[in-house]
Amino acid sequence: MFFDDRDEFMTLWRDTGYADVSLTDITNMFSRNMNATKRDRMLKRLIREGLIEVNNVPSGKGRPSRVVTRTATDTTTNDW
């Protein structure tokens, strides 16, 4: 079975109870072994599949944080 970064992310994210995660959290999930290009490509695919949303959240200082959340209509992530 082919196990890609998307599968690994969804498995790791499930273990957190699908809590909101920042882009830094995702980098840390992969022990800093995933570059931004690869991460963004993975996130775009999950967005297209309707599994996640990426939202800007005010951080209180400087740029807002980008945070990954489950989509309101997602019912498939429980199968991961």
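Which residues of the largest nonpolar core touch the most other members? In this predicted model, they are Phe9, Trp13, Ile26, Met42 and Val68, out of the 15 residues that the core contains.

View 1. Phe9, Trp13, Ile26, Met42 and Val68 are the core residues that touch the most other members.

**View 2. The surroundings of Met42.** When neighbours within four places in sequence are left aside, Met42 is in contact with Asp5, Arg6, Phe9, Ile26, Phe30 and Met34.

**View 3. The crossing of helix 1 and helix 3.** Two packed helices are described by the angle between their axes and the distance between the axes. Here the axes of helix 1 and helix 3 (residues 36-48) come within 10 Å and cross at roughly 75°, so helix 1 is roughly perpendicular to helix 3. On the helix 1 side the contact involves Asp5, Arg6, Phe9 and Met10, which meet Lys38, Met42, Arg45 and Leu46 in helix 3. By residue class, this contact of helix 1 with helix 3 comprises 4 nonpolar and 4 charged residues, with no polar ones.

**View 4. Asp4 and its polar partners.** Asp4 lies in the segment before helix 1 (5-15), and with a relative accessible area of 14%, which is under the 20% cut-off, Asp4 therefore counts as buried. The side chain of Asp4 reaches the backbone nitrogen of Arg6 at 3.2 Å, while a polar contact of 3.1 Å links the side chain of Asp4 to that of Arg45.

Notes. Residues are numbered from 1 along each chain as its sequence is written. This is a predicted model: local features need pLDDT of at least 70, side-chain atom pairs count only at pLDDT 80 or more; totals for chains, interfaces and linings use all residues. Side-chain values use heavy atoms; hydrogens and water are left out. Helices (H or I, at least four residues) and strands (E, at least two) are DSSP runs, numbered from the N terminus. Buried means under 20% relative accessible area, exposed over 50%, partly exposed in between (1.4 Å probe, protein chains only). A polar contact is a pair of N or O atoms within 3.5 Å; within protein, one must be able to donate a hydrogen and the other to accept it, and residues adjacent in sequence count only if both atoms are side-chain atoms. Axes are lines fitted to C-alpha atoms, for helices over the stretch in contact, and angles run from 0 to 180 degrees between N-to-C directions. Angles under 35 degrees count as roughly parallel, over 145 as roughly antiparallel, 65 to 115 as roughly perpendicular and the rest as oblique. Contact means heavy atoms within 4.5 Å. Ala, Val, Leu, Ile, Met, Phe, Trp, Tyr, Cys and Pro count as nonpolar, Asp, Glu, Lys and Arg as charged, and the others, Gly among them, as polar. A nonpolar core is a set of buried Ala, Val, Leu, Ile, Met, Phe, Trp, Tyr and Cys residues joined through side-chain atoms within 4.5 Å.
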